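Hi everyone, thanks for coming along.

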Amino acid sequence: MRSELVGALLAASLLPASAGAQTSPLTEAQALAQLTPENPRVRAINAPIEVARADVLAAGRWPNPRGTYNRESVAGVTEHITTVGQTFPITGRRPLEVNAAAAMVDAASGRAGDQLRRLRTDLRLAFAELVAAQERERELTATRDRLQGLAGMLGKREAAGDAAGFDRLRAEREVLEADVERAGAAVDRARAQAMLSGFLTSADAAAITAVPGRSARATLPPVDELLARAEQTRGEISALRREIDAATFAERAAGRRAIPEPEVVAGTKSSNVGSGDVGGVVAVHVAIPLFDRGRPEQALARARRSQAEVQLDALRAILRSQIGAWRQTVIERREAADRYRAMAVTTAAELERIAQVSYDAGERGILELLDAFRSSASARVRQSALDFAVRQAELELEFVSGWEIP
């Protein structure tokens with residue numbers, strides 16, 4: 001009878017958590033592949049780049065020519081004057097404004113790159129959370145099934161007079177508790193599926209099954225090396241540098257406002273006096289920079305450059321602290337997960353086996369056996385949570401430093 005009980009428990013532990021369910025297996029690489037330029041989130045990130053490109057076109061356009069018609073009539077003499085004027089931007093201000101606008105396009109591209117990296121990191125975090133939720137639900141389902149097998153076997157033994165009714169009732173109560181925990185894990189898994197599906201272009205949230213990849217424990221580079229990597233890869237740093245360049249170009253362009261840009265006017269003039277001959281008209285107009293010499297624009301450009309410079313210095317300081325913090329977090333979480341796996345998870349099965357043998361031999365009661373089941377399940381669920389915490393810290397370190405764990 002005791003051997004039948006052990007066999008029933010082992011068979012129940014091998015049953016799949018969701019047999020018969022229609023699922024759509026998805027790897028992390030397949031999920032990332034759906035972040036294409038057509039993805040709505042990616043399109044929203046890239047939209048500001050097109051706005052910045054429109055500013056380049058606006059800065060590079062030439063002024064339109066101006067047409068003028070005058071009719072003057074005095075003492076029977078009527079004159080008609082028709083002219084066309086064109087302003088010539090010969091001061092060099094226009095190329096500088098184009099360079100400033102182009103630098104802002106690069107800044108927008110850098111920020112879009114950082115936002116895209118953040119989007120990819122958030123997707124990978126959602127994927128890792130789904131993996132952890134699936135593992136938790138799977139473990140709690142297996143625990144419930146083992147307890148159901150135990151309760152069923154105890155019911156048969158009670159009917160045969162080999163077990164007390166208390167053992168069966170206590171096991172059934174434990175089944176109920178385990179099923180409540182499993183239901184909570186199923187809710188967490190469904191929420192994680194919905195979160196992940198929000199990143200995908202077409203996916204049925206309820207059908208997504210995350211396929212775990214191989215875990216890597218690469219040695220982490222020192223903080224200075226990670227910071228140097230961030231200087232090269234972080235789009236926000238590149239964006240602030242380009243904003244400094246744009247402000248420099250804008251200040252130089254504003255300084256050219258003190259140089260007048262000539263407007264050349266040419267046309268014809270005719271009169272009803274005599275035979276009504278037609279003559280030519282030529283004129284040159286220039287604005288005298290008496291009041292407006294571009295000082296407000298220069299002050300604005302200097303302020304923007306100063307703002308970008310202090311933001312860049314602040315970002316470097318923030319990155320150093322973030323990289324140091326996440327690097328230390330990865331190390332400590334890895335150590336904690338490894339210690340727990342070595343000390344708790346690896347002994348969980350042995351604990352169950354000893355408790356089962358002791359219960360079969362009459363040396364332990366049902367409470368000790370159920371406690372062994374709870375401890376074993378709790379250890380495996382806790383290990384899944386610890387592994388997810390490690391993965392979360394690794395992904396955050398990858399984002400802030402721009403270094404990808406191989």
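**The chain and one of its pockets**

Let me start with contacts: of those in the chain between residues at least 6 apart in sequence, 81% join residues at least 24 apart. Please keep in mind that what you see is a predicted model.

As for secondary structure, the chain has nine helices and six strands. Now, the overall dimensions. Along the principal axes, the C-alpha atoms fill a box of roughly 140 × 45 × 30 Å. The radius of gyration of the chain is 38 Å, whereas a compact globule of 406 residues would come out near 22 Å.

What about the surface? Of the 406 residues in the chain, 36% are buried. The chain exposes about 22200 Å², and carbon and sulfur atoms supply 56% of that area.

Next, let's turn to the second largest pocket, which has a volume of about 590 Å³. Its lining is made up of 22 residues, and the ones nearest the centre are Ala-100, Met-104, Ala-246, Ala-250 and Arg-304.

Which helices supply at least two residues each to this lining? They are α3 (40-60), α4 (93-159), α7 (235-255) and α8 (295-360). The largest share comes from α8, with seven residues.

And how does the lining of this pocket divide by class? There are 14 nonpolar residues, six charged and two polar.

That's the tour from my side.

Methods:
Residues numbered from 1 in each chain as written. Predicted model: local features only at pLDDT ≥ 70, side-chain atom pairs only at ≥ 80, totals over all residues. Heavy atoms only, no water. 1 Å grid on protein atoms, 1.4 Å probe; cavity = no way out; pocket = protein on both sides within 12 Å on 5 of 7 lines; lining within 4 Å. Points joined across faces, edges and corners; volume = space filled by probe spheres on them. Helix = DSSP H or I, 4+ residues; strand = E, 2+ residues; numbered from the N terminus. Nonpolar A, V, L, I, M, F, W, Y, C, P; charged D, E, K, R; others polar. Rg over C-alpha atoms; globule rule 2.2 N^0.38 Å. Buried < 20%, exposed > 50% of the residue type's maximum accessible area, 1.4 Å probe, protein only. Contact = heavy atoms within 4.5 Å. Areas by Shrake-Rupley, 256 points an atom, 1.4 Å probe, with all protein chains shown as cover.
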